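Subject: Handover of a structure and notes on what was found

Dear colleague,

Please find the structure placed below for your study. My notes follow it, and I would ask you to read them with the structure open beside you.

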Amino acid sequence: MERSTPVSKNAVPTNIGEAQMCIEQEDIDADSSHNSGSSEAGDKQHSKEEESQQMPAVVVGEEEKQKTGTSCVGGDLCLDQSTCGCPQLEAEAVLDNRQLLAFQVRSRDIDWRRYVQPLDTRVRSGGVYLDKQADLVNNHRRAVNEQNKRELLVCHDMMGNYLEDRHFHSSEKYDDYRFMHWSAVDYFCYFSHKYVTIPPSGWLNAAHRHGVPVLGTYIVESAGPLNEVLASEESVDRAVAALTRLCLHFGFEGWLVNVEVTVPRQSMPNLHRFVRELRSATESQVPHGRVFWYDSVIESGELRWQNELNARNVDFFRISDAMLINYAWDDGHLERSASLATQEGSPQHRVFMGLDVFGRSRRGGFKSLDTMRRIAEKGFSAGIFAPAWSFETLRNWYDISKASGDEVVNAAFLSRNEDWWARLWHLLATHPYQALPFYTDFCVGSGHRSFVRGSRDASPTGRSFFNLARQSLQPSVPLANNAKHCFHTAFAGGNSLEVINFERAFRLFVTDFVVPRGVLLLGYAYRMEDAGSDQTFSAVVRLSPFQPHSQDLRLFCGSYHGNIVAPHLCYISPLEEPLPAGLAPAQLPQSSGLLGDGWRVRYYMVRFDGPVVVKDIGLNCRRALTSTAEAYLGAIYVQALFQEDWTATQCSQKASIDVYGRQLWQNHS
């Protein structure tokens with residue numbers, strides 16, 4: 001599995017619109033050239049240049065720990081300079097078995113539980129297919145079941161990786177590549193061509209916060225290291241124990257195993273043992289542990305990519321959790337893979353068909369939909385390789401290497417990245433958020449500056465940053481043509497969402513928020529410039545009761561003349577008095593009102609006469625046709641309360657809706 005070499009930078013366009021036209025044309029041209037065919041041998045070349053650039057790992061002794069503890073490179077950015085030791089927290093790969101077996105990593109004495117959020121799968125529920133991902137009016141969901149289940153593995157490889165993302169505090173390069181579309185992802189793999197790739201803490205925190213398990217990569221591209229591992233059953237077991245220790249120490253969930261060398265036939269039993277025991281140890285010792293096998297070596301030990309599941313590689317399929325199939329498949333490969341999976345009595349979603357976004361062998365770039373559609377129609381899972389294509393290929397038009405970032409590069413990346421994912425989304429399963437309380441300020445893990453409650457952070461931590469550990473929960477669907485990321489104003493973190501759709505309501509979050517006692521609290525921070533009587537800003541909540549064949553109710557949470565309760569649609573006004581102590585989240589003020597730089601906060605409290613479930617949250621903003629007023633969403637908060645909280649909130653704007661007794665969901669003629 002090897003990356004294509006980026007093209008050298010061409011002339012720089014004068015604006016984003018011009019660049020986008022150039023980019024899309026270049027993508028079309030690139031698709032034509034990439035799809036003309038490529039040899040497996042050429043695609044699989046190992047990059048010696050990348051290996052020569054890798055810093056050697058070191059064992060941190062007491063002298064080094066004292067040194068890094070007193071001269072922390074994070075300086076005033078560190079949460080705890082006495083324990084941080086930033087050089088020790090820099091991500092690194094393991095280059096050989098000596099380092100692997102001796103656990104020779106800089107951070108061997110660091111307790112990573114202080115710096116990496118553990119994976120919490122409760123943050124989201126089982127996937128659903130959305131026919132129209134951004135349309136809040138269309139509420140049709142198709143639940144994922146064993147018959148239609150398809151999963152998604154995202155394999156991140158950008159220019160060899162271990163770039164600015166390797167640092168615990170990352171950098172000031174706020175335009176760097178960021179991944180935001182976690183709600184469609186089932187597994188995330190951090191990939192490099194180093195022997196053992198350990199995912200950096202920023203990626204672990206961002207993925208875990210969204211409930212996504214992370215895989216490291218065990219890749220063999222020269223025979224020596226693997227021969228050492230396969231020398232005996234004992235050497236296999238030692239390697240398995242060492243790899244499992246890395247998972248437990250750094251807090252990631254498993255491995256993609258990629259053997260890209262010919263294996264002597266006499267060593268094949270030990271290779272099978274290695275995969276089998278690695279899976280057993282990972283599943284039994286590592287929470288949510290998984291091991292993927294990459295389609296490479298066959299049963300004879302030859303390195304021959306099959307591009308399908310067949311009799312030559314099925315043994316590895318049987319002893320791993322899933323198999324990632326090489327991306328040079330065709331329709332015949334899909335048919336044969338489906339047939340063998342059926343013979344094996346295995347669900348097809350364990351087979352992940354490769355999609356290389358750079359377009360080798362199959363269509364990529366903005367034509368990736370054709371490739372993904374073929375995968376989905378046959379019922380397979382997908383393995384998307386190198387989605388950072390949307391950032392990397394910007395080097396054809398811009399200088400993407402500026403240490404402090406570039407505003408035009410940032411905007412161009414975010415625009416084409418949203419566009420790419422939006423084209424594929426209807427074929428992916430979206431995982432609804434389900435854990436309450438729910439709060440996000442939409443920070444993508446970077447910012448030209450930092451904001452606190454609507455005002456620019458003037459402290460040293462307020463300068464530009466790229467740090468995926470600071471990424472907040474992201475929208476459930478691509479923003480498409482409804483909103484865009486804004487970096488010049490924000491309520492908190494590094495960015496807000498700027499509304500660009502003023503015509504109809506649109507979805508931001510797909511949810512399964514259960515409100516068991518029927519009391520719902522919603523709060524949000526917004527900013528609307530030049531607000532007048534002809535401009536409105538409303539959060540829209542779609543919910544339903546727990547009863548069969550019930551229809552949905554939509555709450556429009558804006559500013560109205562009182563509360564208007566009607567079948568299917570209710571219009572709720574914000575609370576005017578402060579919330580009782582303890583009900584507002586720490587990130588938001590206790591009462592509604594004006595904050596810094598024009599930001600305002602609104603709270604809404606609604607009591608139903610029984611339990612309800614919140615299914616969607618979106619926005620509905622209006623302005624006059626001639627208006628150029630800008631609207632921004634900076635944060636949103638959802639919580640299920642107790643009846644005692646309702647009673648303690650002394651405010652006439654509270655809304656009481658009897659959804660069961662008055663049957664608001666029945667059709668009314």
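A residue counts as buried when its relative accessible area is under 20%, as exposed when that area is over 50%, and as partly exposed in between. V659, with a relative accessible area of 0%, is therefore buried. Please keep in mind throughout that this is a predicted model.

**Overall picture**

The protein has 17 helices and 30 strands. Of its 669 residues, 60% are buried.

**V659, S544 and K615**

V659 is placed in the segment after β30 (655-657). Its C-alpha is 8.8 Å from that of S544, although V659 and S544 are 115 residues apart in sequence. Is K615 buried or exposed? Its relative accessible area is 18%, so K615 is buried. When neighbours within four places in sequence are set aside, K615 is in contact with R141, F509, V510, T511, D512, R542, L543 and S544.

**Two helix pairs**

Helix α14 (residues 368-377) packs with helix α16 (residues 407-424) at an angle of about 30 degrees, and their axes are 9 Å apart. Because angles under 35 degrees count as roughly parallel, α14 is roughly parallel to α16. The crossing of these two helices, α14 and α16, is right-handed. On the side of α14, the contact is made by S368, L369 and M372, and on the side of α16 by W420, R423 and L424. By class, the residues in the contact of α14 with α16 are 4 nonpolar, 1 polar and 1 charged.

The second pair consists of helix α10 (residues 233-250) and helix α11 (residues 268-285), whose axes come within 9 Å and cross at roughly 35 degrees. The crossing of α10 and α11 is right-handed. From α10, the residues E233, V236, D237, A239, V240, L243, T244 and L248 take part in the contact, and from α11 the residues N270, R273, F274, E277, L278, A281 and Q285. The contact of α10 with α11 divides into 8 nonpolar, 3 polar and 4 charged residues.

**Aromatic rings**

A pair of aromatic rings is described by two values, the distance of the centres and the angle of the planes. How many aromatic pairs are there? The count comes to 37 aromatic pairs. In one of them, W112 and Y115, the ring centres are 6.1 Å apart and the planes stand at 75 degrees, so the pair is edge-to-face. W112 is buried, with a relative accessible area of 6%, and Y115 is buried, with a value of 11%.

The rings of F179 and W421 also form an edge-to-face pair, with centres 5.5 Å apart and planes at 85 degrees. This pair links distant parts of the chain, since F179 is in the loop between β3 (152-156) and β4 (187-190) while W421 is in helix α16, 242 residues apart. Both F179 and W421 are buried. They belong to one aromatic cluster, formed by Y177, F179, W182, F188, Y190, W203, F391, F413, W420, W421 and W425. W420 of this cluster is one of the residues by which α16 makes its contact with α14.

**Backbone features**

Most residues other than glycine have a negative phi, and most peptide bonds are trans.

- N307 is a residue other than glycine with a positive phi, near 60 degrees. N307 lies in the loop between β8 (290-294) and α12 (314-319), and it is buried, with a relative accessible area of 6%.
- D597 is not a glycine either, yet its phi is positive, at about 55 degrees. D597 is found in the loop between β26 (593-594) and β27 (600-608), and it is partly exposed, with a relative accessible area of 44%.
- The peptide bond from L436 to P437 is cis, with omega near 0 degrees. P437 lies in the loop between β12 (429-430) and β13 (438-440).

Yours sincerely,

A colleague

How values were computed
Residues numbered from 1 in each chain as written. Predicted model: local features only at pLDDT ≥ 70, side-chain atom pairs only at ≥ 80, totals over all residues. Heavy atoms only, no water. Axes fitted to C-alpha atoms, helices over the stretch in contact; angles between N-to-C directions. Helix = DSSP H or I, 4+ residues; strand = E, 2+ residues; numbered from the N terminus. Parallel < 35°, antiparallel > 145°, perpendicular 65-115°, else oblique. Left-handed = near helix turned anticlockwise from the far one by under 90°. Contact = heavy atoms within 4.5 Å. Nonpolar A, V, L, I, M, F, W, Y, C, P; charged D, E, K, R; others polar. Phe/Tyr/Trp six-rings, centres within 6.5 Å; stacked < 30°, edge-to-face > 60°. Buried < 20%, exposed > 50% of the residue type's maximum accessible area, 1.4 Å probe, protein only.
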